[in-house]
Structures are given as C-alpha cells and as structure tokens.
Amino acid sequence: MANDVLKMGGFEIASRLIVGTGKYETFELMRDALAASGCEVVTVAVRRERMLDGDGRNILDFLDPDRYTLLPNTAGCFNAEDAVRTARLGRELLEGIGNKGAAWVKLEVLGDKKTLLPDPVGSLEALGTLKAEGFRVLCYTSDDPIMAVRLKEAGADSVMPAGAPIGSGQGILNPCNIRIILEQLKEGDPEYPVIVDAGVGTASDVTAAMELGADGVLLNTGIAGADNPVQMARAMQAAMEAGLLARRSGRIPRKLYATASSPIEGVIGVKE
Amino acid sequence: MRIVVNGKGREVADEITIAELIDDLSLQPLRVAVERNKQLVPRASHVRTTLFEDDQLEIVTLVGGG
C-alpha cells in the first residue's frame with residue numbers, strides 16, 4: 001500500500017513493528033524471532049564490555065547489519081547526563097560497525113527502578129542536549145498528553161508513549177490518553193510519528209495500538225518472554241497487519257443499542 | 001600504573017594508549033567505544049590517546065535491549 005512506509009528519524013521504514021533484542025534465552029532464538037517478526041528496526045543497549053576471553057559471543061554476530069537498522073537505547077539511565085553519555089557511545093558503536101542507525105537514539109531517562117517510568121525532567125534535559133549534538137531522538141515517555149506535547153515542542157523526532165510499564169505485559173492501560181496524544185501531536189502535522197512503546201503483552205495489544213491510530217509499536221518482552229518467541233513474533237506481525245488494515249477499512253461505530261443484522265421483514269409466524 | 005576500567009582498578013603499562021589497551025584486552029576495536037573520564041574518545045583518536053594514572057575508562061559494546 002502506498003502509505004505503508006513509516007517515515008521517522010530520517011528513515012523510511014517498511015515494517016511498523018520495532019522489536020527489542022533483550023531477554024532472549026539465546027542469540028539464535030533472538031535472531032529467529034526478529035526474522036519472524038518481519039521488523040526492520042531493532043533496538044539495542046549499550047553496556048560495559050564484560051571482557052570474558054575465549055568464545056564470549058557478541059550480539060553483532062546474530063544481527064545482520066545490512067538487514068536491520070539498529071536503534072540504540074539509553075536504557076538503565078536515571079539522569080540526563082548518563083543518557084547523553086550513553087547516546088554518544090551508542091552513536092560511536094554504530095559508526096564502528098557502519099550501521100545507518102548511528103544518527104538516532106531511543107532516549108530513555110528513567111525515574112524509578114521499580115516502575116521504570118520515565119523521568120520527564122531528565123528526559124527534556126537530555127533531549128535538548130542530544131538535539132543540539134545532531135541526534136535524531138525518539139523519546140520514550142508516559143501516556144501523559146502534556147508531556148508528549150512538551151517533548152515534541154522540544155524537538156523530539158518521535159514521541160513514544162508507553163502502553164503500560166516496561167515488560168509488564170498489560171497492553172494499553174489508558175487508550176483515551178493515547179488517543180489524546182495522537183490527536184494533539186498530529187494536529188496540523190499528520191505525519192508526525194507516534195509509536196506505542198512498552199507494555200505490549202500479546203498480539204491483540206499491537207492491533208489495539210494500530211487501531212487507535214499509532215504509527216507503530218515497539219516491543220521486546222512480549223516476544224522474548226513468550227513461551228514460543230518465534231511464533232509470537234509471527235503473531236505480532238499478523239496483528240500489526242490486521243490493525244493497519246482494520247483502521248483503513250472504516251470500522252462501524254459503537255452503539256449503545258442493537259441493530260439487527262438480518263432483515264426484520266418476512267419473519268414467519270407474524271400476523272400480516 | 002593504575003587506571004580504572006569499567007569500575008575496576010587495573011594495572012597497565014605506563015603511557016599505554018587506548019588502542020594498545022584494547023589490543024591487550026583482546027577486544028575488537030570496531031565493536032567497542034571508549035569514554036575516558038566521562039568524555040567519549042573517538043575511535044580515530046585511540047592510537048594517539050595516552051592514558052594517565054587514575055584515568056577512569058568506560059569500554060562499552062552493544063548488547064540486547066528493548
């Protein structure tokens with residue numbers, strides 16, 4: 001379809017499913033699940049080299065750098081300074097492997113270890129610094145519409161509201177807020193990308209996000225933590241397609257009362 | 001001399017460069033990034049960046065994440 005391509009962060013992306021690379025039991029499983037999902041963009045994290053010798057395997061051996069655009073995140077950062085440092089290191093790493101994702105970053109500045117909710121103040125601060133350094137910034141945030149607007153105003157290339165806490169699998173807890181965010185961020189700017197990121201538990205959550213009007217969905221645990229990640233990845237891809245098709249098909253309205261589907265006339269036993 | 005790498009103290013040769021350290025640690029230069037005292041040191045500068053006593057290095061790589 002002509003408008004299938006997602007334009008975000010300077011890229012044109014064919015798959016609106018963005019999948020994380022964390023929490024898989026093995027690198028092989030990760031590789032197969034990503035392939036099954038049909039995704040083009042995958043997130044990665046930046047961490048200290050463990051410096052184990054021998055056959056310490058590297059994730060890069062299982063991520064085809066020509067097939068995937070890597071999106072480094074600043075996960076695990078609880079203040080703006082750490083997030084900015086991590087983003088710079090991520091860019092350096094992607095430049096080292098020649099992946100075209102070197103230009104962008106998924107910004108997460110977390111407020112709290114238990115909830116992993118984003119710190120709005122730290123997020124805005126880091127966003128400002130990173131934009132000034134030439135990054136394209138996709139900003140993880142809560143489902144607070146005010147914060148979403150502030151992030152867009154501050155230059156975020158995409159705002160990514162959470163459906164529910166990271167890894168919680170609860171789906172979209174507040175669809176009304178997501179709808180408000182979509183309306184407000186896309187007013188006069190319908191192409192502005194809004195990605196539901198975090199909390200996806202199963203395929204129907206992806207469909208729900210797309211039916212609400214999201215431009216894409218980012219998920220990790222929903223696939224990696226499933227009993228059968230490869231199959232779940234396929235389900236997520238199908239769910240994405242279902243959501244996109246459904247929203248372009250003009251759904252029926254929700255009504256309080258019934259409207260019969262079968263004709264009312266010609267029912268037997270009625271006295272004419 | 002003593003430096004700190006990834007939060008741990010380490011004895012290294014005096015006037016070692018970052019490039020030499022990466023080699024000593026058997027790391028792949030294209031797969032790591034290095035910060036020295038909270039400043040990113042670009043890969044191109046590794047060969048000519050000499051380390052000093054008590055330098056705090058972060059040597060990072062890409063890992064799985066969401």
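## Terms and model

Helices (H or I, at least four residues) and strands (E, at least two) are DSSP runs, numbered from the N terminus. This is a predicted model, in which local features need pLDDT of at least 70 and side-chain atom pairs count only at pLDDT 80 or more, while totals for chains, interfaces and linings use all residues. Residues are numbered from 1 along each chain as its sequence is written, and chains are lettered from A and ligands numbered from 1 in the order in which they are written.

## Chain A overall

Chain A holds eight helices and 10 strands. Its C-alpha atoms fill a box of roughly 90 × 40 × 40 Å along the principal axes.

Of the 272 residues in chain A, 46% are buried. Burial is a neighbour count: a residue is buried if 20 or more other C-beta atoms lie within 10 Å of its own, exposed if 12 or fewer, and partly exposed in between, with C-beta atoms placed from the backbone. Two residues are in contact if their C-beta atoms, placed from the backbone, lie within 7 Å. Among contacts in chain A with a separation of 6 or more, 65% join residues 24 or more positions apart.

Strand β3 of chain A (residues 17-20) is covered on both faces. Leu17(A) and Val19(A) are buried on one side, Ile18(A) and Gly20(A) on the other. Two strands pair if DSSP finds at least two bridges between them. β3(A) pairs in the parallel sense with β10(A) (residues 216-219) over three bridges. Here Val19(A) stands opposite Leu219(A).

β3(A) also pairs with β4(A), again parallel and over three bridges. Val42(A) is the bridge partner of Val19(A) in β4(A). From β3(A) to β4(A) the chain passes through helix α1 (residues 27-37) of chain A, in a right-handed β-α-β crossover. Right-handed means that, with the strands pointing away from the viewer, the path from the first strand over the helix to the second runs clockwise.

## An open sheet in chain A

Strands β6-β7-β8 of chain A, in that order, form an open sheet with parallel pairing. β6 (104-107) and β8 (158-161) of chain A are the edge strands; each has a single partner strand, so one side of each lacks a neighbour in the sheet. The twist from one strand to the next averages 15°. Axes here are lines fitted to C-alpha atoms, for helices over the stretch in contact, and angles run from 0 to 180 degrees between N-to-C directions.

β7(A) (residues 136-141) is joined to β8(A) by four bridges. Leu138(A) stands opposite Ser158(A) in β8(A).

## Chain B overall

Chain B has one helix and five strands. From the N terminus, the order is β-β-α-β-β-β. The radius of gyration of chain B is 11 Å, close to the 11 Å that the globule rule gives for 66 residues, so chain B is as compact as a globular protein of that length.

The C-alpha trace of chain B spans about 40 × 25 × 20 Å along its principal axes. Buried residues are 24% of the 66 in chain B. Residues 24 or more positions apart make 59% of its contacts with a separation of 6 or more.

## Where the chains meet

The contact takes 30 residues from chain A and 22 residues from chain B. On the chain A side, β4 (41-48) and α2 (80-97) are the elements that give two or more residues. α2(A) gives the largest share, seven residues. The chain A side divides into 13 nonpolar, nine polar and eight charged residues. Ala, Val, Leu, Ile, Met, Phe, Trp, Tyr, Cys and Pro count as nonpolar, Asp, Glu, Lys and Arg as charged, and the others, Gly among them, as polar.

Strand pairing also crosses between the chains. β4(A) pairs with β5(B) (residues 56-64) in the antiparallel sense over five bridges. Arg47(A) stands opposite Thr61(B) in β5(B).

## Two positive phi angles

Most residues other than glycine have a negative phi. Lys23(A) has a positive phi, near 70°. Lys23(A) lies in the loop between β3 and α1 of chain A. It counts as partly exposed because it has 16 C-beta neighbours inside 10 Å.

Asn37(B) also has a positive phi, about 50°. Asn37(B) sits in the loop between β3 (33-36) and β4 (39-41) of chain B. With 12 C-beta neighbours inside 10 Å, Asn37(B) counts as exposed.

Definitions and conventions
Rg over C-alpha atoms; globule rule 2.2 N^0.38 Å.
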